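Let's take a walk through this protein together, with its sequence and its fold side by side.

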Amino acid sequence: MHQLINLAEHRRGERHIYFDRRELNKLLSLYSRRVAGGEWRDYAIDHGPGMAVFSVFRHSHDRPLFSIAKRVKAPGRTIDYVVLNGPQRLKSGATIDEVLDVLEPKLRVVS
């Protein structure tokens, strides 16, 4: 069955959120470093009403290791970023730089 959609009405509805160029550069830079280190192997980007999600995988058929979500807080229309490990919230913040810190490998002393 076919369904006609009035584009003017559709555009007035819920807006989708997307990662901008700077955010994608940050995400893909982190992703490429972790791929070079042999930790991550695949990624996916999903969009939905009020949310965009960048997920990274160890294997293509696994569940995501981490998901970085960009969400719109409904009342003030402000943007919120969240890093998730499954259902567990690792970090949230107002900028993508704040939340990506949690995924950066920590330096350690090697003797």
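**From a charged pair to the core**

The side chains of aspartate 80 and arginine 71 come together in a salt bridge, 2.5 Å from N to O; the term stands for a side-chain nitrogen of Lys or Arg within 4 Å of a carboxyl oxygen of Asp or Glu. Please keep in mind that this is a predicted model, in which local features need pLDDT of at least 70 and side-chain atom pairs count only at pLDDT 80 or more, while totals for chains, interfaces and linings use all residues. Residues are numbered from 1 along each chain as its sequence is written, and side-chain values use heavy atoms, with hydrogens and water left out.

Aspartate 80 sits in strand 4 (residues 78–85) and is buried, with a relative accessible area of 8%, whereas arginine 71 is partly exposed at 24%. Here buried means under 20% relative accessible area, exposed over 50%, and partly exposed in between (1.4 Å probe, protein chains only). Beyond its neighbours within four places in sequence, aspartate 80 has contacts with Ala69, Lys70, Arg71, Lys73, Ser92 and Gly93, a contact being heavy atoms within 4.5 Å.

One of those partners, Lys70, deserves a stop of its own. Lysine 70 belongs to strand 3 and forms a salt bridge with glutamate 23, with the closest N and O atoms 2.9 Å apart. This pair links distant parts of the chain, since lysine 70 is in strand 3 and glutamate 23 in helix 2, 47 residues apart. Are the two residues buried or exposed? Both lysine 70 and glutamate 23 are buried. Lysine 70 also touches Ile17, Gly50 and Tyr81, among others outside its sequence neighbourhood.

Ile17 leads us to the loop between helix 1 (7–12) and helix 2.

Now for the chain as a whole. The protein chain has three helices and five strands, which run α-α-β-β-β-β-β-α from the N terminus on; helices (H or I, at least four residues) and strands (E, at least two) are DSSP runs, numbered from the N terminus. Of its 111 residues, 29% are buried.

Nonpolar side chains tend to be buried together in soluble globular proteins. In this model the largest nonpolar core has 19 residues, and Leu27, Trp40, Phe54, Val56, Ile68, Leu100 and Leu103 have the most contacts inside it. Helix 2 (21–36), strand 2 (51–57), strand 3 (66–73), strand 4 and helix 3 (96–100) each supply at least two residues of this core. Such a core is a set of buried Ala, Val, Leu, Ile, Met, Phe, Trp, Tyr and Cys residues joined through side-chain atoms within 4.5 Å. Leucine 100, for instance, touches Lys26, Leu27, Leu30 and Ile68, leaving out residues up to four places away in sequence.

Arginine 22 and aspartate 97 form a salt bridge of 3.7 Å, N to O. Because arginine 22 lies in helix 2 and aspartate 97 in helix 3, the pair ties together parts that are 75 residues apart in sequence. Arginine 22 is partly exposed at 42% relative accessibility, as is aspartate 97 at 35%. Arg22, Lys26 and Asp97 are linked in a network of salt bridges, and the count of salt bridges comes to six.
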